[in-house]
Amino acid sequence: MSLRIDQALARASELSGLSDSADLDVQLLLETVLDKPRSYLYTWPERSLTMPQQQLFEAQLQRRISGEPIAHILGFRDFWTLSLEVDSSTLIPRPETELLVELALERLERRPQRIADLGTGTGALALSLASECKLWQVSAVEFSPAAAALAERNRVRLALENVDVLTGSWCEPLRGQFDLIVSNPPYIDPEDPHLYQGDVRFEPRSALVAEDHGLADIRRIAEQASACLNPGAWLLLEHGYDQAEAVRNILAAEYYQAIQTYPDLNGHDRVTVARMIEAL
């Protein structure tokens, strides 16, 4: 028996208790299966899926019921103004990380400037910033070769020629001085129980977890970036909701100035920014 669009939409009930966005998940699956915009689903609810479409929808819905992230099933995630390919080699870009883009844009001038994104993953931060101004040259650094290849595929697909994807650890591959460095590094404590819940179960532990209660990589970045930033340049770091004071202390110990923490849309401390000491 063929499945109508309205019947398929009702299957969101099968995700009750498993997803915080059950209705949206099913809508996204149907948009992809039918290759139609969301408005089509509600304009033609009585139309039936073809058998291949129905089989694909059933298979993808079962993957979502098993807990697999919707972004991995679809193979993409929207971030800032871009649609990015995603896979299991790195983190799925999250809306709260867009705060890093906003804060970076407030500090950059529309003239030739050099930017680095450390731990770029999908390339979300680097590509978003590069898309805002062609005069900015962005270095996207990634330790994982698989994730670096993913970032490069996104760069090529988006035709962003002002981005270079580099493979290495934090600031090690960088050459020369930068006007702004941004990073969303691993910052979860290895003992955090949230590692066994939701989408993070399907993401690489190396992209999530850091020693020293989640602060080890933030500490390394703060130490290394000081040698790569121009006087008066900015460092922007995403961190956990309960790490703001610790991150500010790390930055102060490295003699950064103008240190300030900003909350995300949920009111949680999310990003701390600091400025490299001005030349004497």
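At what angle do helix α10 and helix α11 pack, and how far apart are their axes? The views below take up this pair and then the sheet.

This is a predicted model, in which local features need pLDDT of at least 70, side-chain atom pairs count only at pLDDT 80 or more, and totals for chains, interfaces and linings use all residues. Residues are numbered from 1 along each chain as its sequence is written, and side-chain values use heavy atoms, leaving out hydrogens and water.

**View 1. Helices α10 and α11.** Helix α10 (residues 216-225) packs against helix α11 (residues 244-253) at about 25°, with the axes 9 Å apart. That angle makes α10 roughly parallel to α11 (angles under 35 degrees count as such). Axes are lines fitted to C-alpha atoms, for helices over the stretch in contact, and angles run from 0 to 180 degrees between N-to-C directions. Helices are DSSP runs of H or I with at least four residues, strands runs of E with at least two, numbered from the N terminus.

**View 2. The residues that meet.** Ile218, Arg219 and Ala222 of α10 meet Val247, Ile250 and Leu251 of α11.

**View 3. The open sheet.** Seven strands line up as β5-β4-β3-β6-β7-β9-β8, with mixed pairing (two strands pair if DSSP finds at least two bridges between them). β5 (163-167) and β8 (257-263) stand at the edges with a single partner strand each, so one side of each has no neighbour in the sheet.

**View 4. Strands β3 and β6.** β3 (residues 113-118) pairs with β6 (residues 178-183) in the parallel sense over four bridges. Look for Ile115, whose bridge partner in β6 is Leu180.

Terms used. Parallel < 35°, antiparallel > 145°, perpendicular 65-115°, else oblique. Contact = heavy atoms within 4.5 Å.
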